[in-house]
Amino acid sequence: MATPVHDVVGIGFGPSNLALAVALEEEYGSGVDAVFFEKQPAFGWHRGMLIEGATMQVNFLKDLVTLRNPTSRYSFVAYLHSKDRLADFINHKTMFPTRLEFHDYLEWVAASFAGMVRYGTEVVAVRPHDAQTLQVVVRHDDELRTCLTRNLVIGAGLDPVLPDGVRQGERIWHTEDLLTRLADLDRLEDEPRRLVVLGAGQSAAEAVEHLHGRYPRTEICAVFTRYGYSPADDSAFANRIFDPQAVDHYYQASDDVKRMLFDYSRNTNYSVVDLDLIDELYRRAYAEKVAGTERLRIMNVSRIEDVRAGADGVGLKVCFLPSGEVTALEADALICATGYRERNPLDLLGEAAEHCRTAPGGGLAVERDYRLATGPECGWAVYLQGATEHTHGIASSLLSMIAVRTGDIAGSIAGRTARVAQEA
């Protein structure tokens with residue numbers, strides 16, 4: 001049997017490659033043959049943090065399609081109409097749906113593209129096949145299969161990060177698995193005595209609020225090195241860093257200007273918290289102080305210096321940095337809201353990585369259409385949905401830019417596919 005040759009193979013099928021599938025269909029119909037490999041058994045996006053009541057930090061108009069195609073049948077508005085909730089949502093007077101509802105929207109769109117996705121399938125190797133195609137090796141049910149592609153799109157997501165020296169276990173988790181691990185904990189004991197959350201960003205604050213409400217007799221300790229939670233700058237002018245044209249500005253800027261723009265805009269996305277959530281946590285902490293029962297314990301300007309995991313809990317030493325005073329804590333679990341790390345595309349590309357160019361600063365050279373710069377000997381292409389902050393800016397891999405970004409990638413792929421067809 002001949003090895004199939006696809007126009008597009010996508011690694012991962014989260015929101016980014018889902019949006020790409022939509023863009024390819026809407027812009028080019030059946031003219032592009034695409035398949036996506038996703039190691040999860042079904043579509044899912046940060047399921048462990050689908051906390052009831054938690055809202056998106058992104059305006060619903062920045063969905064999978066609207067900034068690229070406002071008339072799309074895959075928009076969030078079209079989803080609401082299909083669910084007979086459009087009027088109800090309008091009456092709610094919000095631009096920010098709950099995370100649960102937005103996840104349902106993503107699943108609703110993904111259902112239309114199930115035939116293009118191979119769930120439960122992991123890409124294990126990529127290597128050049130010839131000048132025009134890459135060979136992609138995938139594993140499904142312990143069986144290896146191969147296919148060929150002219151264009152590879154990497155949308156493999158992020159890896160959770162734990163502090164140095166801390167290892168995940170039964171009592172130490174990343175917020176990525178928060179709800180799943182809490183369900184396991186609930187089966188072990190009626191209610192924990194103490195839970196510790198490490199981190200000062202949005203996920204940390206959401207975890208603290210959720211735990212404080214879920215366990216009414218449990219002490220919740222929030223540990224972070226900052227003096228307090230810092231609010232996200234979502235003001236109108238600051239948000240222009242997420243405008244589509246901001247990518248063009250960033251891409252054409254000098255390295256010095258890139259660094260300046262990135263530093264200026266960090267407080268729109270990194271280690272910041274919605275102001276409403278900050279106010280709610282402060283309200284709870286103050287109310288408990290008034291009542292004389294401080295169950296929400298904010299351990300600011302502090303660092304965890306020692307972690308000892310046991311079968312029944314975690315022993316911690318927390319250092320208050322100004323004085324050096326160390327507090328010993330025994331907790332039922334340590335929840336690390338310590339962020340994510342972008343995966344290095346070269347780790348996935350294997351032998352194909354030898355053909356990818358590096359920029360003068362040492363990072364990967366990426367073209368404006370999110371395509372890795374390669375040598376002239378390469379007729380195949382690799383596109384990145386992530387790991388492009390150094391070339392395209394802070395918004396380049398975020399949900400805010402997903403519709404426009406995938407439109408750029410789809411347009412580039414379609415142009416390359418048309419040229420191949422003409423030459424055949």
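Colleague: Which backbone oxygen does the side chain of T121 reach?
Modeller: That of Y119, at 3.3 Å. Keep in mind that this is a predicted model, where local features need pLDDT of at least 70, side-chain atom pairs count only at pLDDT 80 or more, and totals for chains, interfaces and linings use all residues. Residues are numbered from 1 along each chain as its sequence is written, and side-chain values use heavy atoms, leaving out hydrogens and water.

Colleague: OK, and which side chain does T121 make a polar contact with?
Modeller: The side chain of H140, at 3.3 Å. A polar contact is a pair of N or O atoms within 3.5 Å; within protein, one must be able to donate a hydrogen and the other to accept it, and residues adjacent in sequence count only if both atoms are side-chain atoms.

Colleague: Is T121 buried or exposed?
Modeller: Buried, because its relative accessibility is 5%. Buried means under 20% relative accessible area, exposed over 50%, partly exposed in between, with a 1.4 Å probe and protein chains only.

Colleague: New topic: how many residues are in the largest nonpolar core?
Modeller: It has 45, and F13, L18 and L64 have the most contacts inside it. Such a core is a set of buried Ala, Val, Leu, Ile, Met, Phe, Trp, Tyr and Cys residues joined through side-chain atoms within 4.5 Å.

Colleague: What does L18 touch?
Modeller: Not counting residues up to four places away in sequence, L18 touches F13, F43, L64, L106, V109, A110 and F113. Contact here means heavy atoms within 4.5 Å.

Colleague: And what lies apart from that core?
Modeller: Another core, of 29 residues, including V197 and I335.
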